[in-house]
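Subject: Structure handover

Hi,

Here is the structure I promised to pass on. Please open it first, then read my notes below.

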Amino acid sequence: MPLNRGEYDDVVVPFVDVCKYKMSNSKRFHGQRKWETDPPQDLLLALEAELAELKEAMADGTPIEVILECADVSNLAMMIADRFGLRH
């Protein structure tokens with residue numbers, strides 16, 4: 001079922017911008033697509049670590065810290081999806 005273009009853009013577009021910012025400034029990737037060769041299980045472990053950081057930010061962090069951690073979680077989920085054929 002195709003989505004109506006623009007239906008969620010008010011939330012998705014700014015969130016994607018944050019995700020791109022986090023990807024381009026990531027110490028883990030240094031602008032490279034390292035996830036394309038990482039074992040998916042390693043990506044899952046990284047996702048679990050990011051979830052822990054998100055929980056911590058939600059308990060003690062600022063709204064900006066929570067948003068940035070959400071982007072990290074989302075980016076790792078995207079990487080896993082990519083490894084399983086998202087672009088193919």
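First, a definition you will need. Helix axes are lines fitted to C-alpha atoms over the stretch in contact, and the angle between two helices runs from 0 to 180 degrees between their N-to-C directions. Please also keep in mind that this is a predicted model.

Overall layout

The chain has three helices and zero strands. Read from the N terminus, the order is α-α-α. Along the principal axes, the C-alpha atoms fill a box of roughly 40 × 35 × 25 Å. The chain has 88 residues, and 26% of them count as buried.

Helices α2 and α3

Helix α2 covers residues 40-60, and helix α3 covers residues 63-83. Their axes are 9 Å apart, and they pack at an angle of about 165°. Angles over 145 degrees count as roughly antiparallel, so α2 is roughly antiparallel to α3. The crossing of the two is left-handed.

Which residues make the contact? From α2 come Pro 40, Leu 43, Leu 44, Ala 46, Leu 47, Glu 50, Leu 51, Glu 53, Leu 54, Ala 57 and Met 58. From α3 come Glu 65, Val 66, Glu 69, Cys 70, Asp 72, Val 73, Leu 76, Ala 77, Met 79, Ile 80 and Arg 83. Sorted by class, this contact has 16 nonpolar residues, six charged ones and no polar ones.

Asn 75

Find Asn 75 in helix α3. Is Asn 75 buried or exposed? Its relative accessibility is 6%. Buried means under 20%, so Asn 75 counts as buried. The Asn 75 side chain reaches the backbone oxygen of Cys 19 at 3.1 Å. Leaving out residues up to four places away in sequence, Asn 75 touches Cys 19, Lys 22 and Met 23.

Arg 5

Now go to Arg 5, in the segment before α1 (9-24). The relative accessible area of Arg 5 is 82%. Exposed means over 50%, so Arg 5 is exposed. How far apart are Arg 5 and Leu 44 in space? From C-alpha to C-alpha they are 31 Å apart, and in sequence they are 39 residues apart. Leu 44 is one of the α2 residues in the contact with α3.

Best wishes

Terms used:
Residues numbered from 1 in each chain as written. Predicted model: local features only at pLDDT ≥ 70, side-chain atom pairs only at ≥ 80, totals over all residues. Heavy atoms only, no water. Helix = DSSP H or I, 4+ residues; strand = E, 2+ residues; numbered from the N terminus. Parallel < 35°, antiparallel > 145°, perpendicular 65-115°, else oblique. Left-handed = near helix turned anticlockwise from the far one by under 90°. Contact = heavy atoms within 4.5 Å. Nonpolar A, V, L, I, M, F, W, Y, C, P; charged D, E, K, R; others polar. Buried < 20%, exposed > 50% of the residue type's maximum accessible area, 1.4 Å probe, protein only. Polar contact = N/O pair within 3.5 Å; in protein donor to acceptor, adjacent residues only side chain to side chain.
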